Amino acid sequence: MNERITRSDVTTYKREILEQTVLVAPSEAALILSCSERTVHRLGRGGEVHGYGRNIGGRGLRLLASELREYVRSIKVDPDVWRK
């Protein structure tokens with residue numbers, strides 16, 4: 001049985017691969033999280049997000065976009081708690 005691969009399938013696959021490999025600079029991560037770069041570095045040191053790069057103490061720190069997305073999802077506030 002031959003399955004046809006559609007353009008939509010290819011687009012979805014490309015998006016999944018990109019999400020797993022795209023590295024984000026702390027400045028970009030700060031924009032996504034609406035915080036300072038300093039906070040991004042603190043989150044990395046605290047282990048809440050993982051840092052990548054050879055020169056992570058300097059300008060070489062990068063964050064994996066998919067892991068940043070997961071972090072954002074993990075800090076989601078429960079609407080019932082928010083209302084209290």
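**Briefing: sheet, helices and core of a predicted model**

Three strands make up an open sheet with antiparallel pairing, in the order S1-S3-S2; two strands count as paired if DSSP finds at least two bridges between them. Helices (H or I, at least four residues) and strands (E, at least two) are DSSP runs, numbered from the N terminus. The model is predicted: local features need pLDDT of at least 70, side-chain atom pairs count only at pLDDT 80 or more, and totals for chains, interfaces and linings use all residues. Residues are numbered from 1 along each chain as its sequence is written, and side-chain values use heavy atoms, with hydrogens and water left out.

- Strand S3 (residues 62-64) runs antiparallel to S2, and 2 bridges join them.
- Tyr 52 has Arg 62 in S3 as its bridge partner.
- Helix H4 packs on the sheet and touches S1, S2 and S3. The direction of H4 makes about 70 degrees with that of S3.

**Packing of H2 and H3**
- The axes of H2 and H3 are 8 Å apart, and these helices pack at an angle of about 100 degrees. Axes are lines fitted to C-alpha atoms, for helices over the stretch in contact, and angles run from 0 to 180 degrees between N-to-C directions.
- H2 is therefore roughly perpendicular to H3, a term that covers angles of 65 to 115 degrees.
- On the H2 side, the contact (heavy atoms within 4.5 Å) is made by Pro 26, Ser 27, Ala 29, Ala 30 and Leu 33. H3 contributes Glu 37, Val 40, His 41 and Leu 43.
- Ser 34 lies in the loop between H2 and H3. Although Ser 34 is not a glycine, it has a positive phi of about 55 degrees.
- Most residues other than glycine have a negative phi.
- Ser 34 counts as exposed, at 67% relative accessibility. Buried means under 20% relative accessible area, exposed over 50%, and partly exposed in between (1.4 Å probe, protein chains only).

**The nonpolar core**
- The largest nonpolar core has 10 residues, among them Val 24, Val 49, Leu 63 and Tyr 71. Such a core is a set of buried Ala, Val, Leu, Ile, Met, Phe, Trp, Tyr and Cys residues joined through side-chain atoms within 4.5 Å.
- Two or more residues of this core come from each of helix H2 (26-33), helix H3 (37-45) and helix H4 (65-74). H2 provides the largest share, 3 residues.
- Apart from neighbours within four places in sequence, Val 24 is in contact with Ala 29, Arg 62, Leu 63 and Ala 65.

**Salt bridges**
- The structure contains 2 salt bridges, each defined by a side-chain nitrogen of Lys or Arg within 4 Å of a carboxyl oxygen of Asp or Glu.
- Glu 70 is partly exposed, with a relative accessible area of 41%, and Arg 69 is partly exposed at 30%.
- Glu 70 also forms a salt bridge with Arg 73, where the closest N and O atoms are 3.5 Å apart. Arg 73 and Glu 70 are 3 residues apart in helix H4, so about one helical turn separates them.
- Through shared partners, salt bridges join Arg 69, Glu 70 and Arg 73 into one network.

Technical notes
Parallel < 35°, antiparallel > 145°, perpendicular 65-115°, else oblique.
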